[in-house]
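The following note is intended for a colleague who is meeting this structure for the first time. Please read the numbered points with the model in view.

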Amino acid sequence: MSGEQSRLETIERPEEVSPRLVERMLEGDLSWEEWRQLLKLPRKDPDRIHKYLRALQSRVGFADRILMRISDHLYIVQSPAGRIVKCDCGREFGDYRVNWKLSALVYIRDTAPSITEVYRCKDFAPEPGWSEVREYYCPGCATQLCVEVVPPGYPPIFEFLPDLDTFYRDWLEQPLADAASDWYTDRTTCVTASWKD
Ligand SMILES: [Zn+2]
């Protein structure tokens, strides 16, 4: 039996989806046939989230427990300072209830020359004056974390504020030790309100 056949048989039994398969999924190393088999599983293996989180944890260089991944490079982690956003390079962006973009480096493209550097087709490029391209970078490793196209002056988009306590309590049945009613609250304006012009 070939290695490929062996892997596919494993996938057909959801209770046996291996941690290594989840790691390969994260690495983008699955064949189309393996993806197809995974998509056709009658139900997802019940501990997939734990395999996924363990695989993520093994890829980062910090010990803070990853509670949830929020983008390719950013995670909400349980740190001594509470639940914070952290880059896989270890850079911390603070309380996860505050839009992490406030703590990132930002490069704004708001002129035709700067916008056409990244838009090959002018017909689809944002129009300066009406829109701008904001590129957010990690101050620790300079990785591009996010790009948004918005009208000038528009607040940075807060893309994801998960209700972690509900997720861990009601979906995983493993409540977090520091569960509290005020975790699921957008606190971004608490920061911006303190800024002076
Ligand atoms: Zn980083």
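1. Two strands are said to pair if DSSP finds at least two bridges between them. Helices (H or I, at least four residues) and strands (E, at least two) are DSSP runs, numbered from the N terminus. By these criteria, 4 strands form an open sheet in the order 1-2-3-4, with antiparallel pairing. Strand 1 (65–69) and strand 4 (92–95) are the edge strands, each pairing on one side only.

2. The model is a predicted one: local features need pLDDT of at least 70, side-chain atom pairs count only at pLDDT 80 or more, and totals for chains, interfaces and linings use all residues. Residues are numbered from 1 along each chain as its sequence is written.

3. Overall, the protein contains 7 helices and 7 strands. From the N terminus on, the order of the elements is α-α-α-α-β-β-β-β-β-α-β-β-α-α. Taken along the principal axes, the C-alpha atoms fill a box of roughly 65 × 45 × 30 Å.

4. Of the 197 residues in the protein, 15% are buried, where buried denotes 20 or more other C-beta atoms within 10 Å of the residue's own, exposed 12 or fewer, and partly exposed in between, with C-beta atoms placed from the backbone. Two residues are in contact if their C-beta atoms, placed from the backbone, lie within 7 Å. Among the contacts with a separation of 6 or more, 46% are between residues 24 or more positions apart.

5. Strand 1 and strand 2 (residues 74–79) run antiparallel and are joined by 4 bridges. Within this pairing, Met68 has Ile76 in strand 2 as its bridge partner.

6. Which residues does Asn99 touch, not counting residues up to four places away in sequence? They are Pro156, Phe158 and Thr188. Asn99 is placed in the loop between strand 4 and strand 5 (105–109), and it counts as buried because it has 24 C-beta neighbours inside 10 Å. Its C-alpha atom is separated by 8.1 Å from that of Glu159, 60 residues apart along the chain.

7. Strand 5 pairs with strand 6 (residues 132–137) in the antiparallel sense over 5 bridges; here Arg109 stands opposite Val133 in strand 6. Strand 6 also pairs with strand 7 (residues 144–150), in the antiparallel sense over 6 bridges, and Val133 has Val149 in strand 7 as its bridge partner. The hairpin of strand 6 and strand 7 has 6 residues between the strands, and in it Ala142 takes a positive phi near 65°.
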